[in-house]
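Please read this briefing with the sequence and the model side by side, and look up each residue or element as it is named. The points are grouped by topic.

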Amino acid sequence: MRYLPITDKERKEMLDKIGVKSVSDLFSPLPQNVLLKKELNIPSAKSEPELEKIMDELGRENTGANMLSFLGGGCYKHHCPALVDQMISRSEFYTSYTPYQPEVSQGTLQAIFEFQTMIANLFKMDVANASMYDGATAAAEAVLMSHKIQTKRHKVLIASTVNPQYIQTIRTYTGFVVDSIDLLEMDGATGCVAEKELAKIDEDTICVVFQYPNYFGMIENIRKISEVTHEKGALLIPVITETTALGILATPGDIDADIAVGDGQALGIPVNFGGPGVGLFTCKEKYMRKMPGRLIGQTVDKNGNRCFVLTLSAREQHIKREKATSNICSNQGLMATAASIYLATMGKEGMKEVALMNLKRADYLKNRIEKETPCKVAFKGSNYNEFTILTPGCACCALKALAEKGILGGIAAKKYYPELENAIIVNTTEIHSYEELDKFVAALKEVTGGAK
Amino acid sequence: MSYPGMKDLKLKESVIFERSREGRRGYSLPEENLEGAENILPAELRRADLDLPELSEVDVVRHYTRLSTYNYSLDHGFYPLGSCTMKYNPKINEKLVRNPQFTELHPETPAPYAQGTLKIMFEMQRMLAEIGGFAACTLNPAAGAHGEYTGIGIIRSYFDKMGDKKRKKIIIPDSAHGTNPASCALNGFEVVVLQSDEHGKVNLDTLRSLLNDEVAGIMLTNPNTLGVFESDILAITKMVHDAGGLVYGDGANMNALLGVARPGDMGIDVLHYNLHKTFSTPHGGGGPGAGPVGVCQKLVEFLPNPFVVEKDGLYTFNDSDNSMGRVRSFYGNMGVTLKAFIYILEYGKEHLGETAQNAVLNANYIKACLRDYYHLKYKSDTLHEVVFDDSEMPNHITTMDIAKALIDRGYHPPTVYFPLIVHGALMIEPTESESKETLDEFIEAMIDIAETAKTNPENILNAPLNTAISRPDETLAARKPVLKWTRGE
């Protein structure tokens with residue numbers, strides 16, 4: 001076996017040194033009746049050429065990977081500069097582990113310190129941690145953290161326009177911890193939280209979780225939500241799933257967020273069927289010691305050199321065990337590094353340029369669909385690179401017909417919002433050319449019954 | 001001396017913001033007139049400024065290349081970090097998962113257009129269940145601790161459905177990883193600590209005394225963090241089951257058993273794997289990992305949603321009504337799952353067991369060669385790892401000093417100060433990837449440290465001497481936290 005270097009001769013020498021006759025003697029602490037007697041029901045060993053063929057053939061069955069795609073919904077296809085994957089493919093990064101020994105881990109430590117800085121700046125928040133698994137778990141942990149801060153309050157409020165998978169994850173994590181989780185319902189005209197729903201925010205509210213741009217692509221009335229939330233002393237938790245939006249959009253810091261979370265997949269990480277991405281977690285400095293997850297801090301070594309270490313670990317499970325702020329042990333280190341490399345490459349101008357390209361494409365596509373197809377734009381208001389349309393007939397049929405033409409036209413909202421039977425959530429990014437947008441409009445027109 | 005030692009090329013590198021020069025560009029996007037585009041958004045929805053560095057592509061490449069050289073990695077050399085299973089990461093895995101047919105597949109792609117990945121997921125659910133002796137397996141959890149959270153959540157959902165509201169406690173041995181009690185707390189369970197006996201194991205009488213109708217189960221790492229296999233495992237699982245509880249297996253040490261024995265056959269009801277450990281998907285400097293969870297038949301309905309099923313030759317997602325719920329967005333770290341899939345095919349049914357056999361051989365060889373030089377608190381037989389300690393070191397030399405001295409000798413140190421039941425623990429896990437000469441060189445380095453501790457303690461106490469930085473002030477870092485770079489530093 002190509003990855004196992006011990007030869008038979010060496011094995012014999014080693015067993016002699018240990019003082020046993022065979023390797024099976026080393027397993028003598030196991031009850032003999034649990035030792036596997038028969039072969040596992042898994043395939044036979046494969047060589048490299050065989051593996052290449054197998055994976056190539058399986059890859060070809062993913063025909064969706066080559067289709068013109070307008071899928072978003074929490075996972076976004078952006079241009080990933082070539083250097084990102086080249087850099088994270090350095091085995092010094094990907095074959096090392098948690099930087100427990102700072103003298104031999106400064107590469108990872110500094111890269112993640114810089115990640116914390118870039119994410120804090122992108123969100124305009126005081127501190128960011130070294131990352132979480134994904135946006136959904138980051139949101140769930142944010143609610144748990146706010147519950148620990150707001151000990152005398154009982155109610156969590158979540159906008160129904162937050163990515164439904166995030167809402168489900170928050171429910172899983174906190175459903176048995178907090179007394180109630182209520183939704184702030186949507187206004188059918190704006191696709192945003194209805195203004196009258198804000199009356200649900202009261203002195204018993206722990207936190208208000210909302211997303212912008214929201215699941216339908218719409219930008220919530222962020223200032224109003226912030227104002228009411230803070231008026232009632234609840235914690236404001238914005239969620240950003242499409243992080244490139246922050247190249248242009250008002251930040252969580254701009255609206256005085258207490259904890260802000262998100263997913264950094266859009267920052268130079270391929271869609272990868274939904275993972276791995278990277279969960280982002282930021283908060284105000286005063287809550288820093290209540291944060292979940294790993295943190296890297298700057299310090300000096302014994303000779304006065306600037307260096308970086310894991311820090312504030314008194315919050316974490318390996319020290320505090322059941323009293324820790326979370327059970328999280330790792331971060332998404334390599335993905336956080338990828339996101340940093342992306343942000344460093346794009347820089348402040350590139351992030352703005354990408355954001356404007358997205359904004360412009362969505363605006364163009366939205367207007368053309370409204371003008372030239374029987375579909376309608378579902379909601380009035382501002383959006384970034386995602387928006388919702390209403391088809392004249394069933395949305396799923398339209399999507400199916402589009403797929404047969406090689407186009408993944410968007411996400412049927414019905415999956416999570418049964419009342420929105422005709423709604424499709426459409427995403428476009430800088431990877432689309434205007435010709436491709438035109439092609440989509442033409443196809444959509446065709447499958448939804450021709451011209452307006 | 002034959003160990004590698006350390007002398008290296010290191011170029012100084014500043015924090016990336018300090019490299020920034022106004023007007024520099026490193027990105028490449030199609031030319032487009034974006035004038036006025038920002039007005040699509042009302043002014044009150046726009047941000048004012050964005051503080052990110054401005055760099056050329058070469059600046060970025062140099063920066064990260066230099067940073068990478070500050071890391072010791074598995075591809076550099078021996079990395080015996082106990083309980084982390086730092087085994088070799090095959091290069092073909094890295095190559096194959098970068099196929100755009102996988103990386104460019106969006107998670108909302110309708111099933112008929114994603115059959116390749118769905119088939120792999122279905123096969124992985126089945127193979128991981130088979131390897132552990134379980135009825136089914138979820139691929140959703142993103143890491144080991146996330147798997148623990150999920151597995152304990154499944155136990156919570158099981159007792160909820162049974163209407164058993166009394167069972168609010170989970171027993172955890174004092175040798176366990178900190179994630180175990182934290183995962184229980186996150187699920188609302190109270191932790192009951194079981195003290196290990198003089199052999200470092202679970203004592204049956206102690207266990208019996210803790211079991212009652214308030215106990216939901218036990219969380220067991222087997223072999224435990226000392227590398228000691230709980231040889232009473234069959235009695236333990238029976239005793240817990242008889243008391244109405246469930247047995248959670250922490251699969252952190254699954255590399256000791258891979259292809260040799262199955263936790264499910266020992267009465268373990270639920271177990272998480274660490275794909276980044278046992279199945280070699282790399283550790284990535286701390287992630288991404290993956291923590292699939294296998295369960296016995298009666299727990300299948302509580303697995304998190306969604307999972308992949310096959311119907312009339314089509315692979316598709318499904319949900320269970322009694323599921324514990326969703327534990328993250330989408331379906332898990334698929335990029336990681338793919339590598340583990342390839343890894344299993346590399347070894348196949350013929351060779352998978354050789355991983356555990358060689359890992360256990362290597363660990364026992366190190367133990368045999370070093371036991372005359374380092375103190376072993378627990379004398380029990382061990383499998384894939386061995387825990388020494390500093391209790392017999394001369395001249396006030398501690399485990400931390402030994403760790404730092406190993407760096408000078410060209411190694412990543414073992415896990416230190418864990419498990420907590422061994423004061424000054426040095427936990428060594430060599431894995432199956434290492435050759436005999438690598439082990440011999442490491443053993444020589446360890447003996448050299450033990451000898452030098454007597455003859456020239458300063459050399460050890462001042463270590464590391466060959467690194468760019470040495471012994472950072474961690475107290476300062478925690479007392480005055482600097483968690484981001486700011487101008488004027």
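In this predicted model, the centres of domain 1 and domain 2 of chain A, taken over C-alpha atoms, are separated by 27 Å. The domain assignment of chain A gives domain 1 as 68-78 + 348-447, while domain 2 covers 82-342.

**Where the two domains of chain A touch**

- The contact takes 26 residues from domain 1 of chain A, and it takes 26 residues from domain 2 of chain A as well.
- On the side of domain 1 of chain A that touches domain 2 of chain A, the elements that give two or more residues are H11 and strand E12 (386-390) of chain A.
- H11(A) provides the largest share of that side of domain 1, namely seven residues.
- Sorted by class, the side of domain 1 of chain A that touches domain 2 of chain A has 13 nonpolar, nine polar and four charged residues.

**Chain A as a whole**

- Chain A has 13 helices and 15 strands, and its C-alpha trace spans about 85 × 55 × 50 Å along its principal axes.
- Of the 452 residues of chain A, 62% count as buried.
- Among the contacts in chain A with a separation of 6 or more, 72% are accounted for by residues 24 or more positions apart.

**Where chain A touches chain B**

- The contact between the chains takes 160 residues from chain A and 163 residues from chain B.
- Which element gives the largest share of the side of chain A that touches chain B? That element is H11(A), which gives 22 residues.
- The residues on the side of chain A that touches chain B divide into 77 nonpolar, 54 polar and 29 charged.

**H1 of chain A against H10 of chain B**

- Helix H1 (residues 8-18) of chain A packs with helix H10 (residues 334-370) of chain B at an angle of about 45 degrees, and their axes are 9 Å apart.
- That angle makes H1(A) oblique to H10(B), and the crossing in which H1(A) passes H10(B) is left-handed.
- On the H1(A) side, A:Arg11, A:Met14, A:Lys17 and A:Ile18 take part, and they meet B:Leu361, B:Asn364, B:Tyr365, B:Ala368 and B:Cys369 in H10(B).
- By class, this contact of H1(A) with H10(B) has six nonpolar, one polar and two charged residues.

**H11 against H13 within chain A**

- The axes of helix H11 (residues 333-372) of chain A and helix H13 (residues 434-447) of chain A come within 10 Å and cross at roughly 25 degrees.
- Because angles under 35 degrees count as roughly parallel, H11(A) is described as roughly parallel to H13(A).
- H11(A) passes H13(A) in a right-handed crossing.
- In H11(A), the residues A:Arg361, A:Tyr364, A:Leu365, A:Arg368, A:Ile369 and A:Glu372 meet A:Tyr434, A:Leu437, A:Val441, A:Leu444 and A:Lys445 in H13(A).
- The residues of this contact of H11(A) with H13(A) divide into seven nonpolar, no polar and four charged.

**H7 against H8 within chain A**

- Helix H7 (residues 135-149) of chain A and helix H8 (residues 164-174) of chain A have their axes 8 Å apart and pack at an angle of about 45 degrees.
- That makes H7(A) oblique to H8(A), and H7(A) passes H8(A) in a right-handed crossing.
- The residues of H7(A) that take part include A:Gly135, A:Ala139, A:Val143 and A:His147, while those of H8(A) include A:Gln165, A:Tyr166, A:Ile170 and A:Tyr173.
- By class, the contact of H7(A) with H8(A) has eight nonpolar, six polar and no charged residues.

**A loop residue, A:Arg289**

- A:Arg289 lies in the loop between strand E8 (279-283) and strand E9 (296-300) of chain A.
- Is A:Arg289 buried or partly exposed? A:Arg289 counts as partly exposed because it has 13 C-beta neighbours inside 10 Å, whereas a buried residue would need 20 or more.
- Leaving aside residues up to four places away in sequence, A:Arg289 touches A:Leu312 and A:Arg315.
- A:Arg289 and A:Leu312 are 23 residues apart in sequence, and in space they are 7.2 Å apart, C-alpha to C-alpha.

Terms used:
Residues numbered from 1 in each chain as written. Chains lettered and ligands numbered in written order. Predicted model: local features only at pLDDT ≥ 70, side-chain atom pairs only at ≥ 80, totals over all residues. Axes fitted to C-alpha atoms, helices over the stretch in contact; angles between N-to-C directions. Helix = DSSP H or I, 4+ residues; strand = E, 2+ residues; numbered from the N terminus. Parallel < 35°, antiparallel > 145°, perpendicular 65-115°, else oblique. Left-handed = near helix turned anticlockwise from the far one by under 90°. Contact = placed C-beta atoms within 7 Å. Nonpolar A, V, L, I, M, F, W, Y, C, P; charged D, E, K, R; others polar. Domains from an automatic or database assignment. Buried ≥ 20, exposed ≤ 12 C-beta atoms within 10 Å, placed from the backbone.
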